[in-house]
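Thanks, everyone. Let me put the model up, and then we'll walk through it piece by piece.

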Amino acid sequence: MARHVLLIEDEPNIAAAISFILSRDGWQVTTLAEGRTALARLRADRPDLLIVDLMLPGVGGLEIVQALRADPGLATLPVMMLTAKGQSRDRAAAEAAGVNLFMAKPFSNAEIVASARALVAGP
Amino acid sequence: MGMTALAGSRLRERRLLLGLRQADMARVAGISASYLNLIEHNRRRIGADLMEKLAAALGVEAAALAKGAGDALINDLRAAAGGVGTTAEIEPIEDFVSRFPGWAAVLGQTQRRAAQLERAVAALNDRIAHDPHLSQALHEMLSAVSAVRSTAAILAETDDIAPEWRARFHANLHGDSERLASGAEALVAYLDGSDQANDAGIASPQEEFDAWLAARGWHLAGLETGEGVEADLADLASGAARGLARDWIGLATADAAALPLAAFQAALAEIGPDPARLAARFGQPVLAVMRRLATLPGAQAGLVICDASGTLVFRKPAEGFVPPRFGAACALWPLYAALARPMTPVQAQVATVGRGGRAFIAQAFCQPDYPLGFAGPELRSAAMLMLPAASTTGQPLRIGATCRICPQQACPARRESSILSEASQSDAAP
């Protein structure tokens, strides 16, 4: 069965690119452009991995991670967070909230694929 | 403890003169950089042991750091000697001062001027690192670069890409490169334009005052205890900023007396953050209550105050609400609705736009003042309290900081174009 990743990214072109490279790597990719429906989607889909942007309109990446870590069914879901430079304070907060790995923009496609694989393979 | 407090400023001055980084000096002294930062801003007392270590790190005597302001000239001269190496004779420095008081004063002034300039440079550095305009614009560019890099790699590395995907990625590349080009142009224009503003702004007393009050958590604890805040004033480099601070201290002292902390907090817990009701309870002006609400210890609320020209004279940011550093603010702020209708409460649900935007309840109120009586001019003072809200219901008023950095392109109140392009437009770019 294909591994399933939920991608929450408000930049449509970045979402398209990540979605493409992960699909080529054999992932089933679902994308969301904003965070409001994230939790409901996570509970319904039960993906193997969440990739979420730190800065999102409406509900931000940090809030999503905090909420999912508080949900017993999602507490162990691996989370990769996309960040940009200059957000060190937010990043520290996200780390405390339970993000497993940070990916700084601009990232390389190979990094994304390798990190996604590593995250679901476990520590 | 005025003496100890000033020692922090002297430490900082000496460290900057020697060109030592805060982190390096903290390591030598065996403390954390953030603790050293607190010490340097006179927010922590320094024990004798630590003072010895810090003095050793700076190559001066602990006594010189701990001494009161009476020896300011000698301190300046020692600093001057430290700044150029060890060729100056440190020991007979008192002799020098007594025999050549004129020369000593000249040297001391030159030294102080150099220290001031060092501070200005340090402040400028700090500002470049934290300029919200710049960081938003760079964030935008970084997003576009990410999309370009990832998309270009796909096109370059995938041999068997389906034609419709190839077409889509080509279109995305085109859209993102257009966005990058206009973003880079706008950024250059902004940096060009802000040169003059920065020149004027280095010494902007308003900014110096803002930073000073922000460093104290927007709350002057010394006013509540009756200890006073004279020692804090010493941290302000310019006389103009000290003047602003004195004005604020005057207001805050009156507010603290009329709205005593414990009683005010009790009333706040009972009736909630409604400035008009709190004002009625204490028989005080609404504006005083708004100032008090925003400057309670740990208060999350933002506060902006403007005069009749709309110029912001007080700017306390909140998470998700950053008033512009200079220039005019967003014309949609309820603050300006209140300014046009004195003595009428204006309340609105607002959402700040852009990345990191948040929901707020904005409460604004304007009070006219007639300092010269009936025959004199009418002055106005309007304040807007920004209370963070968990969420908004219905359609909140979408407000920005100022047009230059506002992503809301189709805004009826827009007066100049933004340096940001709306992220969602990139897809539809021609």
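Chain A has an open sheet of five strands, ordered β2-β1-β3-β4-β5, with parallel pairing. Strands here are DSSP runs of E, at least two residues long, and helices are runs of H or I, at least four, both numbered from the N terminus. Two strands pair if DSSP finds at least two bridges between them. At the edges stand β2 (28-32) and β5 (101-104) of chain A, each pairing on one side only. Direction ignored, neighbouring strands of this sheet are turned by 20° against each other on average.

Some housekeeping. This is a predicted model: local features need pLDDT of at least 70, side-chain atom pairs count only at pLDDT 80 or more, and totals for chains, interfaces and linings use all residues. Residues are numbered from 1 along each chain as its sequence is written, while chains are lettered from A and ligands numbered from 1 in the order in which they are written.

Stay with chain A. Strand β1 (residues 4-8) and strand β3 (residues 49-53) of chain A run parallel over four bridges. There, L7(A) stands opposite I51(A) in β3(A). Helix α2 (residues 38-45) of chain A lies across β1, β2 and β3 of chain A, at about 175° to β1(A). Contact means C-beta atoms, placed from the backbone, within 7 Å. Angles run from 0 to 180 degrees between N-to-C directions, with axes fitted to C-alpha atoms, for helices over the stretch in contact.

Now chain B. Six strands form an open sheet in the order β2-β1-β5-β4-β3-β6 (chain B), and the pairing is mixed.

Strands β1 (residues 302-307) and β5 (residues 379-388) of chain B pair in the antiparallel sense over six bridges. V304(B) has M384(B) in β5(B) as its bridge partner. Helix α17 (residues 286-294) of chain B lies across β1, β2, β4 (359-369) and β5 of chain B, running at about 40° to β5(B).

Last, the contact between the chains. It takes 19 residues from chain A and 22 residues from chain B. On the chain A side, the largest share, eight residues, comes from helix α1 (residues 12-24) of chain A.

Conventions: Contact = placed C-beta atoms within 7 Å.
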